[in-house]
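Okay, thanks for coming, everyone.

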Amino acid sequence: MRKWAEVAAAAGTHEAVLAWALSLPFRENKQGDKDRGSRLDLPSGAGALSAKLSASGFRVTASDIVLHEGFKGDKSKFVRCDANQPLPFVDESFDVVCSIEGIEHLENPSAFLREIHRVLKPGGHAAISTPNVDSYTSKRNNFFKGYPRYFAPKSPFEKDSGHLLPIDLIFMKGALRRSGLTLQEVRTNLGRPKKTLRSELFRALVAKSWPAGLGEDPPFYGEVLIYCTKKPNSFPPKGPL
């Protein structure tokens, strides 16, 4: 049985991110050999994803605010850091960054995305996942209970699971754009979503109020959204101010 403390992600999230990582093109190293490249797993939690990435041939650096008991990855490659602060890595350190359900725990999500951009090599990729507060179930939860799913108040000062900020699609698309990361696609932790007549009617109604250019539909299904992004090889030249 899966333990939340061990995996610390909704079912299917690690599998979806691993499939995305395996779909990325190889890089050639200095010897001309194909190389899966360097990966940063932040926050790494108990190291479940780090271990899967390492087993698939990636060179993984795991990082979190603490080294969790029973860490499954390579402890010698673990770097302690607080993602609310500038990351302790030099510019252009990694080919890929995986950040699984961490951004909603941070005080400044936009600053974190800028840090991901900074530590990525030109042409590098990043996958950032977060609870899907735009989903049908989350909107229903918000209507009946007054807060998005997974953001239940535990006291006057804290929310469920240490979550701070619900990250919706519009905020994320804008923050990614400002950080310099290009959004390539949005995936979910689900393979094939379970749709109902009620949810589809509600989705169609909500979609009419969404601005043009947001996508075909609001991301109505899946507990988690996975934003698959890329750092451009170079910035276009700046025009006159």
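**Walking through the model**

Let's start in a loop: Pro-43 sits between strand 3 (38-41) and helix 3, where helices (H or I, at least four residues) and strands (E, at least two) are DSSP runs numbered from the N terminus. The peptide bond joining Leu-42 to Pro-43 is cis, with omega about 0 degrees. For context, most residues other than glycine have a negative phi, and most peptide bonds are trans.

Quick housekeeping before I go on. This is a predicted model, so local features need pLDDT of at least 70 and side-chain atom pairs count only at pLDDT 80 or more, while totals for chains, interfaces and linings use all residues. Residues are numbered from 1 along each chain as its sequence is written, and side-chain values use heavy atoms, with hydrogens and water left out.

The overall picture: the chain has seven helices and eleven strands. Of its 241 residues, 44% count as buried; buried is under 20% relative accessible area, exposed is over 50%, and partly exposed is in between (1.4 Å probe, protein chains only). If you take contacts (heavy atoms within 4.5 Å) with a separation of 6 or more, 68% of them are between residues 24 or more positions apart.

Now, helix 3, which runs over residues 48-55 and includes Ser-50. Its buried residues are Ala-48, Leu-49, Ser-50 and Leu-53. What does the side chain of Ser-50 pair with? Asp-41, through a polar contact of 2.6 Å. By polar contact I mean a pair of N or O atoms within 3.5 Å; within protein, one must be able to donate a hydrogen and the other to accept it, and residues adjacent in sequence count only if both atoms are side-chain atoms. Ser-50 counts as buried because its relative accessible area is 2%. Leaving aside neighbours within four places in sequence, Ser-50 touches Asp-41, Ser-44, Val-60 and Ala-62.

Also in helix 3 is Ser-54, which is partly exposed at 37% relative accessibility. Its C-alpha atom is 8.5 Å from that of Asp-74, 20 residues away along the chain. Just after the helix, Gly-57 takes a positive phi of about 100 degrees.

On to the core. A nonpolar core here is a set of buried Ala, Val, Leu, Ile, Met, Phe, Trp, Tyr and Cys residues joined through side-chain atoms within 4.5 Å. The largest one has 31 residues, and Val-97, Leu-113, Ile-116, Ile-128 and Met-172 have the most contacts inside it. At least two residues each come from strand 6 (94-100), helix 4 (109-119), strand 7, helix 6 (169-179) and strand 11 (224-230). Apart from that core lies another, of 19 residues, among them Ala-10, Trp-20, Leu-24 and Val-60.

So is helix 4 enclosed or open? It is largely enclosed by the rest of the structure, because eight of its eleven residues are buried. Those buried residues pack against strand 6, strand 7 and helix 6.

Strand 7 covers residues 120-131 and holds Thr-130. Thr-130 is buried, at 1% relative accessibility, and its side chain makes a 2.9 Å polar contact with the side chain of Glu-104. Its contacts beyond four places in sequence include Glu-101, Ile-167 and Glu-223. Glu-101 itself lies in the loop between strand 6 and helix 4, and has a positive phi of about 50 degrees although it is not a glycine. At 10% relative accessibility, Glu-101 is buried.

There's another one of those: Tyr-150 has a positive phi of about 75 degrees and is not a glycine either. Tyr-150 is in the loop between helix 5 and strand 8 (153-155), and is partly exposed at 27%.

Last stop, helix 5 (residues 136-145), where Tyr-136, Ser-138 and Asn-141 are buried. Those residues pack against helix 7 (197-207).
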